[in-house]
Amino acid sequence: MSILVDKDTTFIIQGITGREAVTMARECLDYGAKLLGGVTPGRKGREVHGLPVEDTVRAFTDRTRVDAAVVSVPPAGAADAVFEAIDAGIPLIVCVTERIPRKQVAQFVEYAAQKGTRIIGPNCLGVISPGKTRVGGIGGAAESTRRAFMPGRIGVMSRSGGMTVEIANSLSEAGLGVSTAVSIGGDAIIGSTYAELMPLFDADPQTEGIAIYSEPGGRAEYELADYMARSGSKKPIVAFMAGRFMDEMPGMRFGHAGTIVEGRADTTASKIANLTAAGIIVAEKIGDIPRLLSERLGK
Amino acid sequence: MRFYEFESKQILAKAGIPLPKSHFCKTPDQAAAAAFEVGGPVVIKSQVLSGGRMKAGGVKFADSPGEAAEHARAILALPISNLMPVGVLVEEKRAVAQEYYAAVTWDGRAKKAVIIFSDMGGIDIEEVAEKHPEHLSRTHFSANRPFSDYIAKTAVAGVGVTGNDLTALTRIVGGLARVFLDRDMTLAEINPIGKLDDGSIIALDAHMDIESEAARNHLALLKELGVGPEEKRQARPPTQFEIDAEQVDSADPRGVAGNLTEFDGNLGLIIGAGGGSLTLFDAVRAAGGKPANYCEIGGNPSVSKAANLTKLICRQPGVEKIAVMMNVVSNTRVDIVARGVVKGCIEAGFDPAEKIAIFRIPGSWEDEGFAILKKYGVPYVDRSVSMDEAARLAVENTKKKA
């Protein structure tokens, strides 16, 4: 099993005629994903890799089942695209667009919650269940994706798209492999946080342990620690906190939009203490993640 | 992008929030004229993007225009947290009976906007939250509806304020929340809000931050405030090294090779991308290395862009070696980065085999990339070597040379 997506997941790409989206579509098709086509207003009738382009999301949902939409639309139109997908009844929206102002993110995330729509991102690379499907550009070309993401036992959640691939690769090299990896996005407000995805991993029999990549800024790690205390979740979690140097530089922005130390609780030191208290193993080095998980899994 | 106090107050004034009389001044003479115009005792405040102005000597009181000029002269010459003020604010001094705190910001956990209100204004709000939680209210609200004043009222009443004060504070906090939403801010704070001896309530100091991603939607406001389109307003002014790197990045739209921050070490870093840079910078420090810079490369920069950044970093005084490291890449081509850094080293007058302490970028087109590195004798490792191990090798290699 996997979470969020499986081998039968059908999806469209909004903004499919954009340069990066055309590449993403190629990579998804090569991986065997069930991409149906995409939407670019005014481009109805065109094709991308032989797949149809429509003016509206409804043009797809009116005639077929669409399980997910990838939003790859420039920042000025991204929120509009997400609203369109929500109103068309698509249950999973992966928003890869960067630099969407957080007011707009808060607006579509709140609306999605009311409609029961799951949002991943924004500012993410997407979701992959190795050997089954991938929704988004995560992993790049199909061949390199297969190399970095071997099917396996570990769920991955990461605020950084690139580090999702790095961690998955190390798990694959170590023979542990990946059940589902989710690039959750690096912004201050995101659709799905660690704590919100944990119940899915907890319920997934394929997932035996979880690897998490995190950064300074925000309070998502506290929410995760609260979830662990509340749920009695038993699966081992190994977390890695990057950006320790930023504790000495409050107010400076490095990395992602959400990565800025604005208060005491935003620092890595404070987050590490909190995660450790919740029974989560915090890796000192990024390269230690596979070993720490292997030790906990005892196999 | 952060606003100075005098700019934040102009925004508040436009929203109808009551303020003390004040004038922004750039010279001691202007400060004297402003003090005369205000009449009576004044406070002279450094206009600098830093907290702790009072402690640093950036806030002084004067009873006459002459005294105001004297203080303005001292404050204008006083750096705070390494930042020079852009001017001083000369403001009427009011006797304050009670101070309040109000801020509107985003709560990433609730995924909503939140009003934070306290009747213990003027001091560190995190301390109030820890030690006096009953004096602080948090009131979340939706950005999907026009702001309703009852939300501000709930925030103010949440710490037990009632009567005329509740009405006056609701108006101020509601105005602040509307400004926050209308102007795409990440923070809108008034601290303190002062209740004066005559019972009136005014905003005494303000701090606002407009989201960089949304600044393009507020160009008219920025123009009105006199904010230039290129102003970044980081926590400290950019160094020449950082400005040069910004130019390398903006000169070529392909990929990212910039976001550089200068440090005073001997190991130049060419690292990426967002998360990878944070991880690698930590790893270099944990291995005892001293980075000369932070930076981010990614999104497949061109050969010339990677070369120009490399050249810039190699030529920095004090940089002994450079380390080129990234997480496993999918979109960025290893061979293009390899070609770029080798070219940059040579153009800067160095032997890549000597200057590059380590190259660790595994991923797409790595075989082609590794072939280039081999040809030039550059030490490299593949994906079987972790990012922290690569950082350790870079530090070790740099020490060997020194």
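Helices here are DSSP runs of H or I with at least four residues, strands are runs of E with at least two, and both are numbered from the N terminus.

Before going on: this is a predicted model, where local features need pLDDT of at least 70 and side-chain atom pairs count only at pLDDT 80 or more, while totals for chains, interfaces and linings use all residues. Residues are numbered from 1 along each chain as its sequence is written, and chains are lettered from A and ligands numbered from 1 in the order in which they are written.

Back to the helix pair. H3 covers residues 75–87 and H4 residues 102–115 of chain A, and they pack at about 5 degrees with axes 10 Å apart. Axes are lines fitted to C-alpha atoms over the stretch in contact, and angles run from 0 to 180 degrees between N-to-C directions. From H3(A), the contact uses Ala79(A), Val82(A), Phe83(A) and Ile86(A); H4(A) contributes residues including Phe108(A), Tyr111(A) and Lys115(A). Contact means C-beta atoms, placed from the backbone, within 7 Å. By class, the residues of this contact are seven nonpolar, two polar and one charged. Ala, Val, Leu, Ile, Met, Phe, Trp, Tyr, Cys and Pro count as nonpolar, Asp, Glu, Lys and Arg as charged, and the others, Gly among them, as polar.

Now the contact between the chains. Chain A gives 50 residues and chain B gives 42. On the side of chain A, the elements giving two or more residues are H4, H5 (142–148), H6 (161–173) and H8 (220–231). That side divides into 20 nonpolar, 17 polar and 13 charged residues.

Chain A as a whole has 10 helices and 14 strands.

Last, some backbone details. Most residues other than glycine have a negative phi, and most peptide bonds are trans. The bond from Gly121(A) to Pro122(A) is cis, with omega near 5 degrees. Pro122(A) sits in the loop between strands S7 (118–120) and S8 (126–129) of chain A. Asn123(A) lies in the loop between S7 and S8 of chain A too, with a positive phi of about 60 degrees. Asn123(A) counts as buried because it has 25 C-beta neighbours inside 10 Å.

Technical notes:
Two residues are in contact if their C-beta atoms, placed from the backbone, lie within 7 Å. A residue is buried if 20 or more other C-beta atoms lie within 10 Å of its own, exposed if 12 or fewer, and partly exposed in between; C-beta atoms are placed from the backbone.
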